[in-house]
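The sequence and the coordinates are shown first.

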Amino acid sequence: LSSSSGPRVCIVGGGPAGFYTAQQLLKARQDAAVDVYERLPVPFGLVRFGVAPDHPEVKNVINTFTQTAQHERCSFHGNVNVGKDVTIDELRQAYHAVVLSYGAEGNRSMGIPGEDLPGVFSAKDFVGWYNGLPSNKELRPDLSCETAVILGQGNVALDVARILLAPVEMLKETDITQNALKALAGSKVRRVLIVGRRGPLQIACTIKELREMVNLPNSRADMLPADFEGIAEALKDLPRPRKRLTELMMKAAKEGGDDKAEKCWGFRFFRSPVEVIAGADGKRATGIRLALNKLEGSGESARAEVTGQMEDVDCGLIISSIGYKSIPIDPAVPFDPRRAIVPNEMGRVQDTAGLYCSGWVKRGPTGVIATTMNDSFDTARVLIQDMEAGKLDLSVNKPGAQAITALLQTRGVRTVLFSQWEKINAEEEKRGKFLGKPREKLLDVDEMLKIAWS
Ligand code: FAD
């Protein structure tokens, strides 16, 4: 393979965008070789660390990614932090083209006083905790309070709400980490409020996630009738998906559900967080102050305007779910700090020939895996077009992974190959089997590495 003189492409990030871009490149060019570099020793990005444990069917894409990784013209190199262990310029020298598919590892902050108090978490960290992201293993959220407030109303917010309220029996046979399961089993959280700046017609979740909330055993919906004023009248003009979503929400708001349920959840619309309220000792969050809003305009583009009224909600757990955010990984790569993406045109990174991007770092942190697949296929097509139009100099041979792994070695960085990830995978499945789960994720990078290289 190393003697192949076809195009060599490097992909930065082993999540859906990386694997879908690789898949399409390998398919469209029979002479292309593709190497994927991933920061963690384990592949699959948010499919492993984002997608909720009770959505196993969503994780089936891992089978396709595995096929790509095992393709004879593809190689996977985990445990390589691009930007730190190796620079983008070094990669560009070793490859004909480099695709940035490194996702959105940062977090949008609320920018309000008190948001760093204990008891306040980002959804990113909270999700990382129950999904076994090594950097979140010490999170230990205190679940001894009765009310949790989630800020944001997208699918991630609903994932978090569902995990907080789901009966532990529903979770114990998933790949949720054992320590999260234990914490949730002892949780006192009985009420989850899901707060949004705008109204029911602007909510960002999809119907599947809403239906899961409605169907949660032992939980009923608790909403404010005032939030739904005028909504029934607006229904008829809504596009079909939004209409169905809104109807389901109104039904839940009206009927509530099982009166005997011990737990409840509800949307709180037209409210923006202004301050996290600290307890008397000032040491942890005990509530949140919300500004009441009114809507200016209508439909998707309606804006929330403050009314001047405030409302305090007592709660011991606050989770901000207002979005992920891409971060720059190398000063040599253009970055748009306002949009928090790598600026690009159809996946071609601005002003940088031979550099491309796909996935969340290309279009921002929204959209499901299928959206990411489509935009990754688009980037791969554009890259191939550029090859065929002679925009990438394919006449020079490029050394690819051979040069990069040698360089990494001089820096004391050893990579985890896909076959080595499979050892980690086998160990996780083995540990899971004892517990009646598909896998028990390893939480410690050193332990992962030990098993990978054993
Ligand atoms: P990522 O999945 O984040 O992959 C990026 C990869 O790059 C990661 O593996 C990361 O470790 C790696 N990386 C980062 N920095 C570097 C670096 N410097 N060097 C090397 N590698 C690096 N979609 C669905 O269809 N269904 C769902 O149920 C669903 N649930 C979700 C739940 C949550 C909480 C979240 C956040 C998202 C969910 N999504 C879901 C959306 C889906 O996860 C994304 O569309 C998709 O993962 C984006 O792919 P990506 O490859 O751009 O980013």
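Which residue in β3 is the bridge partner of Val34? In this predicted model, the partner of Val34 is Cys74.

**Strand β3 and its partners**

Strand β2 (residues 33–37) runs parallel to β3, and four bridges join the two. On β3 there is also a pairing with strand β19 (residues 416–417), in the antiparallel sense and over two bridges. Within that pairing, His77 stands opposite Leu417 of β19.

The burial of β3 can be followed residue by residue. A residue counts as buried if 20 or more other C-beta atoms lie within 10 Å of its own. Five of the five residues of β3 (residues 74–78) are buried, so this strand is largely enclosed by the rest of the structure. In a regular strand, side chains alternate between the two faces of the sheet. For β3 both faces are covered: Cys74, Phe76 and Gly78 are buried on one side, and Ser75 and His77 are buried on the other.

Val149 stands opposite Leu193 in β8.

An open sheet of three strands has antiparallel pairing and the order β11-β12-β13. Because β11 (271–278) and β13 (303–314) each have a single partner strand, they stand at the edges, and one side of each is left without a neighbour in the sheet. Neighbouring strands here are turned by 20 degrees against each other on average, direction ignored. Seven bridges join β11 to the antiparallel strand β12 (residues 285–296), and Ala285 in β12 is the bridge partner of Ala278.

| Strand pair | Sense | Bridges |
|---|---|---|
| β2 and β3 | parallel | four bridges |
| β3 and β19 | antiparallel | two bridges |
| β11 and β12 | antiparallel | seven bridges |

**Nonpolar cores**

The largest nonpolar core has 62 residues, and those with the most contacts inside it are Val9, Ile11, Val12, Val34, Val98, Val99 and Leu100. Helix α13 (residues 369–388) gives the most to this core, with six residues. Another core, of 61 residues, lies apart from it and has Ala157, Ala166, Leu171 and Ala252 among its members. Not counting residues up to four places away in sequence, Val12 touches Tyr37, Val82, Val98, Val99, Leu100, Ser101 and Tyr102.

**Val349**

Val349 belongs to strand β17 (residues 348–349). This residue counts as buried because it has 23 C-beta neighbours inside 10 Å. Leaving aside its neighbours within four places in sequence, the contacts of Val349 are Val333, Pro334, Val342, Asn344, Leu355, Tyr356 and Cys357.

**The shell around the ligand**

There are 35 residues around the ligand, of which Gly13, Gly15, Gly45, Gly103 and Gly359 come nearest. The residues of this shell divide into 17 nonpolar, 14 polar and four charged. Helices α1 (16–28), α6 (155–165) and α13 each supply at least two residues of the shell, and the largest share, three residues, comes from α1.

Conventions: Residues numbered from 1 in each chain as written. Predicted model: local features only at pLDDT ≥ 70, side-chain atom pairs only at ≥ 80, totals over all residues. Pairing = 2+ DSSP bridges. Axes fitted to C-alpha atoms, helices over the stretch in contact; angles between N-to-C directions. Core = buried A, V, L, I, M, F, W, Y, C linked by C-beta atoms within 7 Å. Buried ≥ 20, exposed ≤ 12 C-beta atoms within 10 Å, placed from the backbone. Contact = placed C-beta atoms within 7 Å. Near = placed C-beta within 6 Å. Nonpolar A, V, L, I, M, F, W, Y, C, P; charged D, E, K, R; others polar.
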